[in-house]
Amino acid sequence: MIQLHDVSKIYEMGSEKVYALNHFSMEIRQGEFVSIVGPSGSGKSTVMNIIGCLDTPDEGDYVLDGIPIENYSEKELAKMRNRKIGFIFQNFNLLPRLTAEENVELPLIYQKIAVQERRRRVREALERVELSERMGHRPTQLSGGQQQRVAIARALVTLPSLFLADEPTGNLDTKTGQEIMGLFHALHQAGNTIVLITHDNQIAGEAQRSIHICDGQVREEKVCRGRTGRRENHDSDRENGLGCSLC
């Protein structure tokens, strides 16, 4: 599903080169629920941008669904994002003048889906996140949790092969955050691939597997307990035990 091999992302800071990712490698299989966790500045946002086809690596290879994408044009990357990836962001990124229904419908308009089919898929997506009764409400009329449900429905409606969530509970209280995580578990149980970016170890532990990164490199991988079952201690510290204090 997702293969990053020896990927580096390099920024020029005057005469100095700064590695946001430094020979970073990982693999995520179809149907997995994986969290990528690390402190601010660890490189997790850069990983998210590359996985989401929002950026390309300077070195190394990225393969998504068997397709190498590092040499894609901006137009090809945009097409890949629209058709294969459902984005869910911390700040929801809803258009304030549009209703919940219209926000969810928007990516289907970009895909030029017929009106009748758009309406059917929008209704089904909002029903799946238990928000069908709020279809006509604008974001300012919805709670933070309800706004994130709309954002999840907007990701669902395009039938993506990958859900990419960036700190999806970061702006929510604990109870609402757990409700949103419940939706991710339901999506995963339905067979979807989910990659969740977070700095929160507790949230990261709800995935099947967590990849801890620091200084642009994988420091540790763990098989997680999730919400049910016994935690398996399969730590494989790739840096001989030298992980960052927040991992």
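Student: Which strands does helix H1 lie across?
Tutor: Helix H1, residues 44-51, lies across S1, S2 and S4. Keep in mind that this is a predicted model.

Student: What's the angle to S2?
Tutor: H1 runs at about 60° to S2.

Student: OK, and what order do the strands have in that open sheet?
Tutor: The order is S2-S1-S4-S5, four strands with antiparallel pairing.

Student: Which ones stand at the edges?
Tutor: Strand S2 (16-28) and strand S5 (67-68) do. Each has a single partner strand, so one side of each is left without a neighbour in the sheet.

Student: How many bridges join S1 to S4?
Tutor: Five, between S1 (residues 2-13) and S4 (residues 59-64), and the two strands run antiparallel.

Student: What stands opposite Gln-3 in S4?
Tutor: That's Val-63.

Student: Is Phe-87 buried or exposed?
Tutor: Buried, because its relative accessible area is 16% and the cut-off is under 20%.

Student: Now backbones. What's phi of Phe-92?
Tutor: Near 70°, which is a positive value in a residue other than glycine. Most residues other than glycine have a negative phi. Phe-92 is in the loop between strand S6 (85-89) and helix H3 (100-110), and is buried at 9% relative accessible area.

Student: And where is Asp-215?
Tutor: In the loop between strand S9 (209-214) and strand S10 (217-223). Phi of Asp-215 is positive too, near 55°, but Asp-215 is exposed, with a relative accessible area of 51%.

Terms used
Residues are numbered from 1 along each chain as its sequence is written. This is a predicted model: local features need pLDDT of at least 70, side-chain atom pairs count only at pLDDT 80 or more; totals for chains, interfaces and linings use all residues. Side-chain values use heavy atoms; hydrogens and water are left out. Buried means under 20% relative accessible area, exposed over 50%, partly exposed in between (1.4 Å probe, protein chains only). Two strands pair if DSSP finds at least two bridges between them. Contact means heavy atoms within 4.5 Å. Axes are lines fitted to C-alpha atoms, for helices over the stretch in contact, and angles run from 0 to 180 degrees between N-to-C directions.
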